[in-house]
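We will go from stop to stop, with something to select at each one.

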Amino acid sequence: MPKITYKDNQDNSKTIEVENGLTVMEGAIQNDIPGIDADCGGSMACATCHVYVEEKWLDKLPKAEEAEVDMIDMAYEPKKNSRLSCQLIISDELDGLVVTTPEKQS
Amino acid sequence: MKKKDVVIIGAGPVGLFAIHQLGIKGLKAVVIDNLDKAGGQCIELYPDKPIYDIPAVPECTGEELTKNLLEQIKPFNTEFFYNERVDEVKQDKDNWIVKTNKNNEFTAPNIIIAGGVGSFEPRKLSVKDAEKYEGKSLFYSVKNKDEFKNKNISIFGGGDSALDWTLELSKFSKITLIHRRSDFRGAPHTLSEIQKLENEGKISIKTPCQLDSINGDKNIESISIKFDDGKIEKIKTDTILSFFGLIMKLGPITEWGLNMNKKTIDVNSENFETNKKGIFAAGDICSYPGKLKLILSGFHEVALASVECFKRARPNEKYRFEFTTSSKNIQNRLGKK
């Protein structure tokens, strides 16, 4: 199973194995990773699963669709490497992915 | 203090269907919601997105679902209290006293919490001093546009609210529109109007940049914005309008002594009562083994909760299960002859 590393803004990190097909958000929720709220449950409607993706992974991810980019406008302190973790579907290609949660989600 | 059979917190689809299930049993409910209209997440988060899993409705939008539910509960003439949040819940023997942030008070033997993920509140700016100016010269909505005349206004956001208010307020104030990227999200007509105003020098647009600091003492004097390349620019500003959408906050619900698990309230799956007798939770906010956050699950949950509500509201009457197709009582309550 692909390993995903979740870091918080204090640099504490936790690496877990997440099943292919789940999203980075679901991996966090199912493993009690703090810092990802996912209030809307993954319907791309709230921006509380916002993460910063480690730069080198950015190009390996499918590009964000317009609705996701629009939603990221609403996120807390968005940056160039901001993504909504509910839109990142885990596959073998993403083994080793590192994401950082923002200081807060709202 | 108003006396009711049930106080429903939340006017989303589940809260609305609760009115129906209570109404056909002859119970009077009142509904309180922090938004300015019914529909909850359906209206606020995805009014135009189709929903495909409402039984017997192959496809409908959040807005249509809300409209149909409102139609379905019309016969019960229920009172709605919008733009109000329940702040306090207190026990008074077999009743609950519910108090809102606008000092409305209700008493009822039952409360149904159908609060979704909490009440919607504007997403606030996080820079230093933002709180200090809030409500004085920093606003998250426009209540009375006359208060925004002859000002230097900086508007933040890239969506409909930011664009619409830029157009409207530019008629009588100097507007700077600030967004973190160069693309705006709005109707084509709105976008071309904005472009026109900028070309004519009537408004100023700053992208891609974000708010860095608010400068001033008692009043806001200027703001500093930071561009993606690190450059900082100071803009003369006396009023800030920020439109970064809404977030959901659980708020005071956590203080009512209910057993909670993260952001959800524990209930039993027999009648969806919480650990407090007479307080029920249904829809996205409740949790029990096997819970699914589906609208249809919420409908089932309030149907069962309404039976227990009846027993508590009418302790001297016997509850009789009836079908809408055959019950004269129900048909009378629905205004069908």
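**Stop 1: a helix contact in chain B.** Select L163(B), D164(B), T166(B) and L167(B) in helix 5 of chain B; they meet T190(B), E193(B) and I194(B) in helix 6 of chain B. What kinds of residues make up this contact of helix 5 with helix 6 of chain B? They divide into three nonpolar, two polar and two charged. Keep in mind that this is a predicted model.

**Stop 2: the two helices as a pair.** Now show residues 160-169 of chain B, which form helix 5, and residues 188-199 of chain B, which form helix 6. Their axes come within 10 Å and cross at roughly 50°. Therefore helix 5 of chain B counts as oblique to helix 6 of chain B. Helix 5 of chain B passes helix 6 of chain B in a left-handed crossing.

**Stop 3: zoom out to the domains of chain B.** Colour 2-121 and 247-333 of chain B together: the domain assignment makes them domain 1. How many Å separate the centres of domain 1 and domain 2 of chain B? The separation is 38 Å, with the centres taken over C-alpha atoms.

**Stop 4: a sheet in chain B.** Next, find the open sheet of four strands in chain B. Its strand order is 1-9-8-7, and the pairing is mixed. Look at the edges: strand 1 (2-3) and strand 7 (86-92) of chain B each pair on one side only. Now select strand 7 with strand 8 (residues 95-100) of chain B. These two run antiparallel, and six bridges join them. Pick V86(B) to see one position in detail: its bridge partner in strand 8 of chain B is T100(B).

**Stop 5: a sheet in chain A.** Move to chain A and look for an open sheet of five strands. Read across it in the order 2-1-5-3-4; the pairing here is mixed. Which strands of chain A are the edge strands? They are strand 2 (13-17) and strand 4 (82-84) of chain A, each pairing on one side only.

**Last stop: a parallel pair.** Stay in chain A and select strand 1 (residues 3-7) and strand 5 (residues 98-100). They pair in the parallel sense, over three bridges. Finish on T5(A), which stands opposite V98(A) in strand 5 of chain A.

Definitions and conventions:
Residues are numbered from 1 along each chain as its sequence is written. Chains are lettered from A and ligands numbered from 1 in the order in which they are written. This is a predicted model: local features need pLDDT of at least 70, side-chain atom pairs count only at pLDDT 80 or more; totals for chains, interfaces and linings use all residues. Two strands pair if DSSP finds at least two bridges between them. Axes are lines fitted to C-alpha atoms, for helices over the stretch in contact, and angles run from 0 to 180 degrees between N-to-C directions. Angles under 35 degrees count as roughly parallel, over 145 as roughly antiparallel, 65 to 115 as roughly perpendicular and the rest as oblique. A crossing is left-handed if the near helix is turned anticlockwise from the far one by less than a right angle, and right-handed if clockwise. Two residues are in contact if their C-beta atoms, placed from the backbone, lie within 7 Å. Ala, Val, Leu, Ile, Met, Phe, Trp, Tyr, Cys and Pro count as nonpolar, Asp, Glu, Lys and Arg as charged, and the others, Gly among them, as polar. Domain bounds come from an automatic or database domain assignment.
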